[in-house]
Each structure stands twice: as C-alpha cells, then as structure tokens.
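This dialogue goes through the reading of a protein model, feature by feature.

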Amino acid sequence: MFTGLIDDVGTLVSVSTTEAGLELRVTCRYDDLTVGESIAVNGACLTVRERGTGWFIVAAVVTTRGRTTVGNWRDGTRVNLERALRVGDRFGGHIVQGHVDGVGHVERVRREADAVLVDVALPDELADLVVPYGSIAIDGVSLTVNAVHASGAIQLSLIEHTLRVTTLGSLSAGGEVNVEADIVGKYLQRIAAPYVARTRAGV
C-alpha cells in the first residue's frame, strides 16, 4: 500500500523486452531496496527484480502495459517513485494501491495565481468514481479533485511543492497520465451496484 506522497523522482536509463516483460532500469536515491520489494513507479506497483546503490530493475507484464503509460516510457523518462508504506509511518496522502485503473489524457494546463490548473479527461468507467474535493492518484501523486467538468473531465490544482518534487510540473496538453481512483469510491460502487440495477429495473 502507498499514500501518494512521492519519495523520489527517478530516471529510466534502459528499457528492454525480456521474458519477464518490459524490463526497466531506474536510477534513484535509494541504497537499501531489497529484491522482491514493491515500489510504485508513476503510480504502478512493480516488484524490484534487481537492485544496487542508486538503481533498481523492475519488469512490467502485458497486463500492466495494457492499462498504464508504461509502454510509452523510453530512456530518459523521469518517473515518480514511492516505496511501500511501513507500519508506523505517517499517513499524509490517501490510500493508494498502485493498481492503476486506466490512462487519463491531459486536455489543458494553465497557471492561475499561485497554482497550476490541469484538466484531465478520464476513461468513461472512472467518471462515476470522482467527486469534487475527493482524492485521486495521478502518476502516483495523491491529489485533490478541484472540480469535475460537465464533460466528465477533472480539474487538478497543483501547488508549488508538488510541481517541485514530482514530474507533474512537466505535464502538457496531449500528454497521458496513470490514474488510480479512490479505493473507497470503487468499493462503494461495487457494493451499491446490485441495488442500483434493481432500482433501474423497477424491482
């Protein structure tokens, strides 16, 4: 489990196709990772296969590539990193599983006063899982939904700290981001689904 508070920004130094999947070598500030450890890379929970001082290797299987932006990553791509939460750690973000729900498309980026506003179009199946001022993870970063547009797109308001310590400061219109909806909304939707279906059917 993660919180969406980024520990480090890493850089991909090699991307290769192997029997384990798309293998990614990432440079980072960590020197105490362990093989088998979970780490969120731009919001996708991946398993450390190899590690050394200042680097680690993970692999993304076809399922992961099909629902994230991983397949678009190249040498030099900067990625948000977060190590799994430990018992006793401060919980400053929200519950993030590292299970990316889909890819969002950046529609607009603009500065307004002391914040940068970003509009992101979500996959249709995620539209009912977001509410104004609710939580969402974008490329692994815990954010608050600033507004929900009539189109279903969401607006995010990025503060200076987020722009400085994550990759979100480089977002631009036309880009893609990994999106994980709030787990609370997903479970509530699942629990309520049978009752909603019966109501619609007039039962």
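Q: Among contacts in the protein between residues at least 6 apart in sequence, what percentage join residues at least 24 apart?

A: The model is a predicted one. Contacts can be sorted by the separation of their partners along the chain. Here, of the contacts between residues at least 6 apart in sequence, 66% link residues at least 24 apart.

Q: How many helices and strands does the protein have?

A: The secondary structure consists of 3 helices and 13 strands. The radius of gyration is 18 Å, close to the 17 Å that the globule rule gives for 203 residues, so the protein is as compact as a globular protein of that length. Along the principal axes, the C-alpha atoms fill a box of roughly 60 × 45 × 35 Å.

Q: What percentage of the residues count as buried, and how is that decided?

A: The criterion is relative accessible area: a residue is buried under 20%, exposed over 50%, and partly exposed in between. In this protein, 44% of the 203 residues count as buried. The protein exposes about 10,700 Å², and carbon and sulfur atoms supply 50% of that area.

Q: How many positive and negative side chains are there, and how far apart are the centres of the two sets?

A: There are 19 positive and 24 negative side chains, and the centres of the two sets lie 2 Å apart.

Q: Where is E37 placed, and what does its side chain reach?

A: E37 belongs to the loop between β2 (21-27) and β3 (38-41). With a relative accessibility of 14%, E37 is buried, because the cut-off is 20%. Its side chain reaches the backbone nitrogen of T34 at 3.0 Å. Not counting residues up to four places away in sequence, E37 touches D32, L46, T47, V48 and R83.

Q: Are A113 and D139 buried or exposed?

A: A113 sits in the loop between β8 (102-112) and β9 (115-121). A113 is exposed, with a relative accessible area of 69%. D139 sits in the loop between β10 (135-138) and β11 (141-148). D139 is buried, with a relative accessible area of 5%.

Q: Which residues are in contact with G140, leaving aside its neighbours within four places in sequence?

A: G140 lies in the loop between β10 and β11, and G140 is buried at a relative accessible area of 8%. Leaving aside neighbours within four places in sequence, G140 is in contact with G4, I6, N42, G43 and E82.

Q: Where is S135 found, and which residues is it in contact with, leaving aside neighbours within four places in sequence?

A: S135 is found in strand β10. At 26% relative accessibility, S135 counts as partly exposed. Apart from neighbours within four places in sequence, S135 is in contact with H94, L143 and D182. The C-alpha atoms of S135 and R86 are separated by 21 Å, and these two residues are 49 residues apart along the chain.

Definitions and conventions:
Residues numbered from 1 in each chain as written. Predicted model: local features only at pLDDT ≥ 70, side-chain atom pairs only at ≥ 80, totals over all residues. Heavy atoms only, no water. Helix = DSSP H or I, 4+ residues; strand = E, 2+ residues; numbered from the N terminus. Rg over C-alpha atoms; globule rule 2.2 N^0.38 Å. Buried < 20%, exposed > 50% of the residue type's maximum accessible area, 1.4 Å probe, protein only. Contact = heavy atoms within 4.5 Å. Areas by Shrake-Rupley, 256 points an atom, 1.4 Å probe, with all protein chains shown as cover. Lys, Arg positive; Asp, Glu negative; His and termini not counted. Charge placed at Lys NZ, Arg CZ, Asp CG, Glu CD. Polar contact = N/O pair within 3.5 Å; in protein donor to acceptor, adjacent residues only side chain to side chain.
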